[in-house]
Amino acid sequence: MLVDGDMVAFRAASATEEAIKWNDDYWTLMCDPDQAKDVFMKHLEQLMDHVACDDVHLAFSSSKCFRHDLNSNYKSNRKDKRKPIALKDLVYWARKKWTSFVWDNLEADDVIGILATRKDTNYMVVSGDKDFRTIPCEQYDYLRCEFHDISEAEADFNFFTQALSGDPTDGYAGLKGFGPKTSIKLLDKQGATWETVRDAYIAKGSTEEEALLNARMAYILRSDNYDLTTQKVKLWEPK
């Protein structure tokens, strides 16, 4: 299993926080690190049971991502949101305990996308993030208890859908008036191609450059988008 460690750690750290009210004017927030580790372990044990696999690798995000260089607004809406107090220590512990991957300038999504699409690996990807359906691989969505075997054509369709609709939760808007349903309808009618996406942007008074930027923001890297030796990202380009 290649597990989205970010999500498992965040859920475990959040679940074990406790707010204590001492009086009307004084609250404290605490977390027992051992309890957070226990919850993390139980999450992984449940996943191993569901997937019928006991060989676990974890992927975590680095502190900076190449998407910040493309768009300074990327995830800027999360800057003021507090992270669970035990999260950093929990990730450090998990990285020492299991085989883990953290690559500079990449998010866990990209690390997983690169590893899962290499010809010399055989991973079952595990996450609860629907964005992972832009990765052509076998995967288990543990929030919805669903297995998926995503083909390259299906992954590309899902990617073009997101290039049109954007992801407001990550701080980049897509094409105005295009949510997921409208985007899917257009791709079904006109074809799931870069030309369909580009022409939709231009028809709405936007530009090809804006369309390309949003596509690059939406694209989860695959094995041919990253050089493991030089650690350089190769941005998505239209075929």
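**Entry 1: α8 and α9.** I looked up how helix α8 meets helix α9 (residues 208–218) in this predicted model. Their axes come within 8 Å and cross at roughly 130 degrees. The two helices are therefore oblique to each other. I noted that the crossing of α8 and α9 is right-handed.

I then listed the residues in contact. From α8 I found W194, R198, Y201 and I202, which meet E208, E210, A211, L212, N214 and A215 of α9. Sorted by class, the residues of this contact are six nonpolar, one polar and three charged.

**Entry 2: α6 and α8.** I next examined helix α6 (residues 152–165) against helix α8 (residues 194–203). These helices pack at an angle of about 10 degrees, and their axes lie 10 Å apart. An angle under 35 degrees counts as roughly parallel, so I recorded α6 and α8 as roughly parallel to each other.

On the α6 side, I found F160, A163 and L164 in the contact; on the α8 side, W194, V197, A200 and Y201. By class, I counted seven nonpolar residues in the contact of α6 with α8, with no polar and no charged ones.

**Entry 3: cysteines.** I searched the whole structure for disulfides and found zero. A disulfide is a covalent bond between the sulfur atoms of two cysteines.

C65 is buried, at 2% relative accessibility. C31 is buried as well, with a relative accessible area of 14%.

Notes
Residues numbered from 1 in each chain as written. Predicted model: local features only at pLDDT ≥ 70, side-chain atom pairs only at ≥ 80, totals over all residues. Heavy atoms only, no water. Axes fitted to C-alpha atoms, helices over the stretch in contact; angles between N-to-C directions. Helix = DSSP H or I, 4+ residues; strand = E, 2+ residues; numbered from the N terminus. Parallel < 35°, antiparallel > 145°, perpendicular 65-115°, else oblique. Contact = heavy atoms within 4.5 Å. Nonpolar A, V, L, I, M, F, W, Y, C, P; charged D, E, K, R; others polar. Left-handed = near helix turned anticlockwise from the far one by under 90°. Disulfide = S-S within 2.5 Å. Buried < 20%, exposed > 50% of the residue type's maximum accessible area, 1.4 Å probe, protein only.
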